[in-house]
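Please keep the sequence and the model in view while reading.

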Amino acid sequence: LSAQDLCADVPALFAEVVCVGYPTGGDNLCVTKGVVSRVDYEDNSDPWRNRLVIQIDAAVNPGNSGGPALIAGGACVGVAYESLKDGSTENIGFIIPVSVVQKFLTSWRRLQRPVEDEGPARVTSFG
């Protein structure tokens with residue numbers, strides 16, 4: 001088993017992206033393919049949801065969210081996390097870029113400490 005290559009660069013518009021995972025309703029690996037259709041900043045009142053996001057037209061279904069989003073050559077450019085389904089939309093999925101995931105993990109690791117009876121640490125900023 002080899003390590004997955006990560007690419008912190010945001011893929012260009014129209015770049016092909018492949019999402020890999022195990023969506024609900026199946027026991028086998030599923031691969032969906034699409035292109036980057038928008039790069040945007042998600043501004044939300046919940047600070048946990050303020051982040052750079054990449055919109056793709058590859059299907060992101062329950063169960064394959066959390067899986068890698070790969071570009072040509074196999075490098076991971078993000079993590080599939082949701083699709084927009086409001087009745088009037090089709091094929092709108094979102095991935096969280098590697099740079100955002102890396103920043104989150106850095107903050108999370110910094111806050112890890114052995115604490116008795118206090119429960120897990122909560123990350124409140126990504127600085």
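Two strands are taken to pair if DSSP finds at least two bridges between them, and strands themselves are DSSP runs (E, at least two residues), just as helices are runs of H or I with at least four residues, both numbered from the N terminus. The model is a predicted one, in which local features need pLDDT of at least 70 and side-chain atom pairs count only at pLDDT 80 or more, whereas totals for chains, interfaces and linings use all residues. Residues are numbered from 1 along each chain as its sequence is written, and side-chain values use heavy atoms, with hydrogens and water left out.

**Strand pairing**

The protein chain has 1 helix and 6 strands, and from the N terminus on these elements follow the order β-β-β-β-β-β-α. The pairings below are described with the number of bridges and one bridge for each.

| β1 and β2 (residues 30-42) | antiparallel | 6 bridges | Gly 21 with Cys 30 |

Strand β6, which spans residues 93-97, is mostly covered, since 5 of its 5 residues are buried, where buried means under 20% relative accessible area, exposed means over 50%, and partly exposed lies in between (1.4 Å probe, protein chains only). Both of its faces are covered, with Gly 93, Ile 95 and Pro 97 on one side and Phe 94 and Ile 96 on the other.

Gln 55 lies in strand β3, and this residue counts as buried because its relative accessibility is 11%. If neighbours within four places in sequence are left aside, Gln 55 is in contact (heavy atoms within 4.5 Å) with Val 35, Val 36, Ser 37, Arg 38, Ile 92, Gly 93 and Phe 94.

The structure holds 1 aromatic pair. Tyr 81 and Phe 94 form this pair, which is tilted, with 6.4 Å centre to centre and 50° between the planes. It links distant parts of the chain, with Tyr 81 in strand β5 and Phe 94 in strand β6, 13 residues apart. Rings of Phe, Tyr and Trp (its six-membered ring) are paired if their centres lie within 6.5 Å, and planes under 30 degrees apart count as stacked, over 60 as edge-to-face and the rest as tilted. Tyr 81 is buried, with a relative accessible area of 17%, and Phe 94 is buried as well, at 15%.

**Surface and chain totals**

Which residues form a nonpolar patch on the surface? Val 10, Leu 13, Phe 14 and Val 39 do, and together they have about 380 Å² of accessible area, a value from the Shrake-Rupley method with a 1.4 Å probe, in which only the protein chains shown count as cover for residues. Patches are made of residues with over 30% relative accessible area and no salt bridge, like charges being joined within 9 Å and nonpolar side chains (Val, Leu, Ile, Met, Phe, Trp, Tyr) within 5 Å; a salt bridge is a side-chain nitrogen of Lys or Arg within 4 Å of a carboxyl oxygen of Asp or Glu. Val 10 is found in the segment before β1 (16-21) and is partly exposed, with a relative accessible area of 35%.

For the protein chain, buried residues make up 29% of the 127 residues. The chain exposes about 8,300 Å², of which carbon and sulfur atoms supply 53%.
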